[in-house]
Amino acid sequence: MKAPFSSYLDHILPPLKSIIDYLSSYYEYVSLLSTDSVGFTIGISKKKKTLQNENLTTERGTVIRVLKDGLYSEYAFNQINPEEPELTAKNAHLALEQQFQMLKHIRVPVFQTAACKDEPLDLLIEKETERLPENEDLGSLVSFLSDLSVKGQQTITNAIDCNVRAVSTHISKLFLSKERCLRQSYVYTEGSIAAFAPNQDGEIKTAYEGVSGLGGPEILAALQETITKMPKIMDDLLKAERVSPGEYEIITDPGISGLIAHEAFGHGVEMDMFVKERALGAQYLNKRVGSDLVTMHEGALCADSVASYAFDDEGTLAGDVTEIDHGILKTGICDLISALRLGIQPTGNGKRENYSHKVYTRMTNTLFECGNNTLEEMISSIKHGYLLSGTESGMEDPKHWGIQCIISRGYEIRNGEMTGKVVSPVIMTGYVPDLLGNITMAGSELRIDGNGACGKGYKEWVKVADGGPYLKTKARLG
Amino acid sequence: MLTRIIDQIHALGCEIFEITEETINTWEFYLIRHSLDQNRVVETKQFHIKLYRRLNRGADIGIASGIISPTLNDTELNAELSKIYLQAGLTCNPSFSLNHSSLPPIPSLDVDIEAISSPLLKSILEIPETETERINSCELFVSKVQKMYVNSNGVTYRMTYPCSMLEVVINSRENGKEIELYRNYTFGTCVPMLFVNRIKSAFQLGKDRLHAMPTPRLTKSDIILSGESAVSLYEFYVSKMNAEMQYRSLSDWTVGKEIVPDPTGDLISIYAVSHLENSSHDYPVDADGAWIQDRYLIRDNIAMSTWGSKQMSDYIGSSNSSSVYNIIVSGGKVPAEGLHSDEYLELFDFSDLQIDPVGGDILGEIRLGYWHHGGRIIPVSGGSISGNMQDVLASIRFSIETVQYDNYVIPKETLLRNLSITGVE
């Protein structure tokens with residue numbers, strides 16, 4: 001079935017058009033994004049059960065963007081009387097004027113930006129889904145998740161608890177300008193299992209796995225397979241030792257390959273950072289940043305995942321950009337305002353945490369292309385190294401191209417064979433071009449992960465997905 | 001609208017509920033160098049609803065929650081509340097009761113967003129820069145937050161408070177090389193000079209990062225943590241006294257007992273307060289309508305008091321508890337110099353220092369540190385630290401001097417022994 005576009009947004013479309021008409025007499029450019037996204041979060045554990053009709057991406061509100069004298073400004077709100085849209089328009093105008101007066105008094109110069117083109121386009125995209133979160137039989141779902149939690153508690157060694165979490169959101173977004181009316185509706189869902197157990201030293205270990213995808217709660221059925229993997233993951237963690245710090249040959253599983261694509265590289269070519277001269281990547285356009293095996297794509301059209309959409313939060317159609325082509329950096333990704341400043345085309349990567357937040361250049365699907373090697377070939381080629389698995393977190397450093405990835409487990413390889421030794425946790429640090437330049441083998445199967453969220457620094461959380469095949473490279477582990 | 005919501009909740013037959021009406025007004029300013037990139041105004045209102053349902057003849061309670069948009073008409077509101085109330089029957093938890101103690105009136109702060117924004121913005125723009133140190137960009141968010149809480153036991157409060165954020169990126173450059181330092185400050189009431197001074201200090205740190213050598217391969221080292229990253233360390237202690245962590249057996253720190261057996265270092269005290277000047281959480285009530293009592297969570301290495309939601313506090317038998325937001329750490333016996341030895345690594349900045357509240361793992365990439373070695377102080381960068389809190393708690397030491405980072409007052413310097421260092425050199 002198609003995920004139906006929000007009837008609420010259809011209802012307020014005419015008054016929103018009136019707002020644009022009213023404000024157009026004061027500003028050179030006026031557009032707005034209006035959102036109505038509904039969903040749930042369910043958390044089930046041995047001792048606590050929660051059900052919330054909210055999550056990171058549920059929202060209802062509107063943000064107006066205007067341009068005057070080279071300055072883009074925004075007014076975000078969530079109260080509108082459809083019978084009196086002019087009142088909302090007046091409030092927006094007055095609020096911004098009050099701010100302008102203060103800025104004029106302080107004499108803050110403006111970073112002048114050209115007006116964006118407002119090209120005519122009407123669009124309605126309703127993506128496919130089997131089920132909608134708002135119509136879901138939550139009683140059955142809670143039972144299903146509870147059974148998984150109990151199964152985890154029973155099958156995982158020493159389990160203190162087994163947390164099962166489900167999130168599903170039906171997103172509807174409307175972008176309006178004088179010439180454009182874009183509507184989209186889609187559903188994404190993710191589920192995760194986190195289990196806790198103490199090792200022999202009393203340290204509590206956390207085993208975590210997740211599923212995600214573009215679609216409704218039907219995606220959560222995959223957790224039935226996930227729960228069967230948890231006992232082995234926990235057993236590995238319970239016997240794990242600390243890694244001896246140093247440089248190693250590594251094989252990254254697709255989840256870690258995706259983490260590298262996202263943290264190590266993806267953030268480094270978000271082109272709003274080029275405008276601010278905060279990205280080393282700007283100096284490497286059309287230069288080598290990785291081995292010949294490295295080809296990387298980024299865009300909401302690259303895959304069907306939690307981060308896929310038809311247009312971004314600035315009304316730019318979604319894209320599919322080849323960022324790295326056989327090791328050569330070709331381009332980054334760019335929101336609309338940054339593109340105006342850099343004199344390039346936007347790539348459909350302008351995203352907001354929600355309607356009340358500013359747009360930044362943000363990632364969507366960030367993927368390494370596949371190669372031809374098998375995992376067995378990769379393992380056989382390693383004298384002493386680790387197969388890394390289990391994404392925990394990462395942090396970007398676009399200015400210096402540093403890398404911090406925290407990984408759950410490393411499985412030791414010696415002389416081409418797995419030894420059975422596990423190390424945990426593992427922090428991978430280094431310099432991005434070195435990491436990518438040392439990629440010498442790439443697997444043939446792609447996997448995309450979309451659990452969790454991505455921040456810009458320590459704020460502005462958005463959904464992203466990343467992935468790739470197994471990769472062999474070298475890195476510093478500690 | 002609040003009255004409409006309460007009326008409809010009653011009409012559903014729901015006897016137990018909590019509603020928080022939250023109105024947020026924010027002014028946002030984005031600067032690239034000293035020029036205005038964008039300005040924004042945000043005006044939002046939301047109603048956070050929790051509905052409860054007695055289950056199994058009162059032995060258990062079901063809970064469901066949601067956010068009500070102010071745009072809902074009566075029919076839509078009824079549908080939404082009915083849905084949430086129905087859902088409350090699906091999540092069976094042991095019974096507990098909502099807070100029932102009436103609250104004294106909370107003095108409302110007069111928050112003038114323009115009056116906060118203007119001098120702060122002006123001060124930032126006027127910070128003296130040099131040819132080698134400058135502000136790359138910054139973001140300033142100034143908010144007025146108004147909350148009104150009501151529960152089915154008649155507990156109600158209103159409060160207004162300021163909550164703001166300043167994000168600053170600083171560049172230091174020399175001979176064609178340029179680095180950046182990232183700073184993020186959250187605060188309540190604002191003293192512009194406080195941030196001006198912090199940014200000026202960051203300029204000096206930027207110079208040091210520019211000249212930093214690769215972190216040496218030390219394998220193991222005593223570490224002095226200075227800088228805001230150290231807050232993560234003390235958040236670990238606070239999380240271990242959280243009621244939910246204890247209820248779920250993820251913490252075994254028991255009230256009345258030592259948190260660390262046989263300590264060889266300093267005995268830590270963690271004091272939670274409702275009022276902390278300039279904190280972004282400077283208010284006297286928590287999200288469940290409980291008055292926040294100033295109290296020790298830990299005193300001289302002895303667990304004194306837990307904190308957390310009413311639900312979890314009831315479950316562990318601490319019914320009179322509350323959440324806590326402002327933390328003061330103490331226990332150091334010597335000034336910072338007294339923690340120093342001939343050889344140690346002082347770490348100031350990390351990419352993202354992670355300390356796992358459940359397992360205690362410590363991990364972080366070093367962005368700026370100082371290697372005190374052979375009588376010299378050498379700025380270093382790169383590599384990482386790793387370890388576990390279980391291995392450092394007994395011997396931890398901290399300075400008498402303290403410094404405030406938003407809602408945490410922590411020792412200016414903290415000594416951790418024998419952490420693993422993955423160097424670059």
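Guide: Two strands are said to pair if DSSP finds at least two bridges between them; strands themselves are DSSP runs (E, at least two residues), and helices are runs of H or I with at least four residues, both numbered from the N terminus. The model is a predicted one, in which local features need pLDDT of at least 70 and side-chain atom pairs count only at pLDDT 80 or more, while totals for chains, interfaces and linings use all residues. Residues are numbered from 1 along each chain as its sequence is written, chains are lettered from A and ligands numbered from 1 in the order in which they are written, and side-chain values use heavy atoms, with hydrogens and water left out.

Consider the pairing of strands in chain A. Strand 10 (residues 296-298) and strand 15 (residues 365-368) of chain A run antiparallel to each other and are joined over three bridges. In this pairing, Glu298(A) faces Thr366(A) of strand 15. Both strands belong to an open sheet of six strands in chain A, ordered 12-11-10-15-24-21, with mixed pairing. Its edges are strand 12 (328-329) and strand 21 (447-449) of chain A, each of which pairs on one side only.

Strand pairing also links the two chains. Strand 4 (residues 71-77) of chain A pairs with strand 2 of chain B in the parallel sense, over six bridges. There, Phe77(A) lies opposite Glu43(B).

The wider meeting of the chains can now be described. Contact (heavy atoms within 4.5 Å) involves 86 residues from chain B and 83 residues from chain A. The buried area is the accessible area (1.4 Å probe) that two parts lose on being put together, summed over both; for chain B and chain A this comes to about 7,200 Å², with 52% of it on carbon and sulfur atoms.

A salt bridge requires a side-chain nitrogen of Lys or Arg within 4 Å of a carboxyl oxygen of Asp or Glu. By this rule, eleven salt bridges cross the interface of chain B and chain A. One of them joins the side chains of Glu277(A) and Arg134(B), at 3.7 Å from N to O. On the side of chain B that touches chain A, strand 2 (residues 35-55) of chain B gives the most, with twelve residues.
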